Amino acid sequence: MIPLPLIDGRTLARVITYLNKHTEDDASDEAKRKFDEEFLYGMEVGVLYDAALAANYLDIGGLFHEVCQRIADGMMNKSVEWVRKTFHIESEFTSEEEVQIKKEYAWAWEGVDSNAD
Amino acid sequence: MNAKRPKSPRSVEIISGNDDLLLEIILLLPPKTLVRFQSVSRHWQSLIFAASFGRQHTRLHHCRRPKPQPSFLLRNVLRFFYFNPRSKHFLPFNFTSPHTRILQSSNGLLLVESRNSPYGRRDYFVCNPTTRQARKLLIDYGGSERRKKAVIFGLCLAFDPSKSPYYDVVCLRGVQNSTSNYRVEVYNSESQTWKVVGEHSIAVSVKLSNGIYWNDGIYWIRPTSRSLYLDLQNGNLGNPPGIRTPWRKAGEINKNYIMESNGHFHCLAMYLRPDMKYLIVFELLADGSGWFEKYWVDLNPIAGEMNGPVGVMGIVRGEREDESSVLFHVPGKIISHRFCDGSFEVVLDLTRDKIYVEHRLQFQRYDGYQFIETLAPV
């Protein structure tokens, strides 16, 4: 028995599911891609971060990269406030500085999701 | 080694506190998102604008498919606007200096000329409009005595992120005390030095502007007069193949535009006759040996919009045919035409904007600069 203290059982089970699928002899690339899509898009956001850490810790490059991509896709149109809240970041920018940045790079704020979620 | 904590940190906090992990994720975000996320914290700002991250990000995203659609910077007299034909966002864009002229756009970087006052000294910069970073080019004008000043015939930017994250600036200049020799000097952003690439004897009597970097060379194409081509490998000047555009007939307005998009080099020839309006898009063959007719567009469906001045704003070539389009500009509007289905769509309506002037174009010839949003460092 090999203890893995940094990963909880549920996440490990998911990782094993992923690895099983990807090492199947008769699974085509297309089947794997389809599996990945359903597998990753079915995960709750919180679980994605667990999976990223697990994949990184276990050095499973393919899974790590795909989970990161999924996290990035979910973040793409989010607001700055959402990022701070999700990642527990405190900003040291003064409100003047923030206003200045937003003024200079105004185009980057177009099309941002509202903070409804 | 870890201090005792009452509750272990959540995964997202671990990632947030670990730059290596965080970078793996933000590397996958598009430039627009990252430019916005600089506001998250000073730490994120420093990560995002670090030159090494910018290079890595550019290299990764430039190879990805589908490639992002370009945005435009549009110049209206002394003001600039950011415009994205896809999202239709249109808003003011300010350069650091109010007296800025864009000389050229290459894969997301701009070559600009800037002055502190309307008639002040000209300085040249390579600028990334996405990150707003700029680097001043130190050009040696060769002595303080005016008559000995070497004339600069042309300045051109060569940047291809698929080949290198670094750019070159090519300077074509006269040799002091001689009117018939020219010298080619190249500045490289990795070495940050100028190097003489070649010196040749050929008369360059014309000031070269609107050069386009393509296929390892700089092209200055003038459809109705002498064109020039500079080979960047050996610094030789030559003549690219001429274009056979149809003869202009009486009563016909013919305008030609030389434009590059996504590795394709075009001459767009627009013909406006009272009874017939059309656009031919010629493309230069990949080996530069000749031109072929790529698209033929019937403009009669929008003839009603074309009773006043008309211009071509730009051509956008996507990876797939259905992503390719050409943009027309008529007073107060920009109209997009998709080649694959022949459709026309008004993508920008300025008739209520304060820059709108009836019967006049808001943006003149070559006032539209296509650029890819990128984090490429300067």
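What is the volume of the largest cavity? The legends below answer this and look at a few other places in the predicted model. Residues are numbered from 1 along each chain as its sequence is written, and chains are lettered from A in the order in which they are written. In this predicted model local features need pLDDT of at least 70, side-chain atom pairs count only at pLDDT 80 or more, and totals for chains, interfaces and linings use all residues, while side-chain values use heavy atoms, with hydrogens and water left out.

**View 1. The largest cavity and its lining in chain B.** The volume of the largest cavity is about 30 Å³, and the count of cavities of 30 Å³ or more comes to 1. A cavity here is a set of points, on a 1 Å grid over the protein atoms alone, where a 1.4 Å probe fits but cannot get out, and lining residues have an atom within 4 Å of a point. Grid points are joined across faces, edges and corners, and the volume is the space filled by probe spheres set on the points. The lining consists of B:I48, B:F49, B:A50, B:A51, B:G54, B:T131, B:Q133, B:L375 and B:P377. Helix 4 (42-49) and helix 5 (51-63) of chain B are the elements that give two or more residues to it. By class, the lining holds 6 nonpolar, 3 polar and no charged residues; Ala, Val, Leu, Ile, Met, Phe, Trp, Tyr, Cys and Pro count as nonpolar, Asp, Glu, Lys and Arg as charged, and the others, Gly among them, as polar.

**View 2. Strand 2 of chain B with strand 1 and strand 3.** Strand 2 (residues 79-83) is largely enclosed by the rest of the structure, because 4 of its 5 residues are buried (under 20% relative accessible area with a 1.4 Å probe, protein chains only). Strands are DSSP runs of E with at least two residues, helices runs of H or I with at least four, numbered from the N terminus; two strands pair if DSSP finds at least two bridges between them. Strand 1 (residues 71-76) pairs with strand 2 in the antiparallel sense over 5 bridges, with B:F83 as the bridge partner of B:F72. Strand 2 and strand 3 (residues 90-93) are also antiparallel, over 4 bridges, and B:F80 stands opposite B:F93.

**View 3. Two hairpin turns in chain B.** Between strand 1 and strand 2 lie 2 residues, and B:V77 in this turn has a positive phi of about 55°. The hairpin of strand 2 and strand 3 has 6 residues between them, with B:K88 in the turn at a positive phi of about 65°.

How values were computed:
Buried means under 20% relative accessible area, exposed over 50%, partly exposed in between (1.4 Å probe, protein chains only). On a 1 Å grid over the protein atoms alone, a cavity is a set of points where a 1.4 Å probe fits but cannot get out, and a pocket is an open set with protein on both sides within 12 Å along at least five of seven lines; lining residues have an atom within 4 Å of a point.
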